[in-house]
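Keep the viewer open as you read.

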Amino acid sequence: EVIEIFLGLASYSLVLVAGLLFLIFAFYPVILKLIVKTIGYRKFFKNMGPAQLMAFSTSSSAATLPVTMECVEENMGVSKNVASFVLPVGATVNMDGTSLYQAVAVVFLAQMHDVDLSFAQQLTIVLTATLASIGSAAVPSAGLIMMILVLQSVGLNPAWVAILFPVDRPLDMLRTVVNVTGDATVSTIVAKTEGELREG
């Protein structure tokens with residue numbers, strides 16, 4: 001029984017890490033490259049490295065905000081007007097890592113307890129996970145609290161959240177890197193479309 005739980009947590013962690021790494025290393029840089037031709041793959045990570053490292057170590061988008069703003073303004077060439085509007089909004093609302101994590105976690109918990117989710121329930125999970133991630137505070141492990149809402153929305157036991165405690169912290173660190181990378185990507189794209197990007 002205990003070994004089964006650990007194996008389950010390991011596979012859940014692997015799936016989640018794969019999804020989060022895809023967002024960081026494939027999704028965001030590719031979208032940015034399509035819109036802002038001058039920022040290449042390596043340049044993007046060189047520019048955003050300090051903010052990503054800070055996000056990983058603090059697990060808080062809010063705590064990382066000053067470093068993110070500095071990286072985006074000085075390294076990416078985004079104007080202060082755009083950065084000071086988009087980044088604080090992003091730190092509060094744009095939680096891609098958190099919404100991915102909540103959807104994966106709820107499906108994992110349902111499978112672990114042999115609950116078959118209907119298509120309607122799966123849609124509900126996607127919707128509530130997205131909304132709950134918007135409502136999550138930009139502090140460590142806030143997504144874990146919001147997951148209780150997602151579980152209740154499809155009639156699952158909210159106490160199941162406790163199973164995820166042992167692996168939550170390292171995954172939370174990675175989720176925050178996704179959130180910060182997403183904020184930086186969006187602010188750079190907004191600056192480009194508004195003609196507020198200093199390219200060179």
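Aspartate 172 and arginine 175 sit 3 residues apart in helix α8, about one turn of the helix; helices here are DSSP runs of H or I with at least four residues, numbered from the N terminus. An α-helix has 3.6 residues a turn, so residues three or four places apart point the same way. The two side chains form a salt bridge, with their closest N and O atoms 3.0 Å apart (a side-chain nitrogen of Lys or Arg within 4 Å of a carboxyl oxygen of Asp or Glu). Aspartate 172 is buried at 5% relative accessible area, and arginine 175 is buried at 1%; buried means under 20%, exposed over 50%, and partly exposed in between, using a 1.4 Å probe and protein chains only.

A word on the ground rules: this is a predicted model, in which local features need pLDDT of at least 70 and side-chain atom pairs count only at pLDDT 80 or more, while totals for chains, interfaces and linings use all residues. Residues are numbered from 1 along each chain as its sequence is written, and side-chain values use heavy atoms, leaving out hydrogens and water.

The whole structure holds 4 salt bridges. One joins lysine 192 to glutamate 199, with the closest N and O atoms 2.7 Å apart; lysine 192 is partly exposed at 30%, as is glutamate 199 at 38%. Through shared partners, salt bridges also link Asp168, Asp172 and Arg175 into one network. Another bridge pairs glutamate 73 with lysine 80 at 3.9 Å, N to O. Here glutamate 73 counts as buried at 17%, whereas lysine 80 is exposed at 58%.

Back to helix α8 itself. It bends by about 30° at leucine 171, the bend being the angle between axes fitted to the seven residues ending there and the seven starting there. Just after α8, glycine 195 has a positive phi of about 70°.

What does the largest nonpolar core look like? It has 58 residues, among which Tyr12, Met147 and Leu164 touch the most other members; such a core is a set of buried Ala, Val, Leu, Ile, Met, Phe, Trp, Tyr and Cys residues joined through side-chain atoms within 4.5 Å. The largest share, 9 residues, comes from α8.

Notes. Helices (H or I, at least four residues) and strands (E, at least two) are DSSP runs, numbered from the N terminus.
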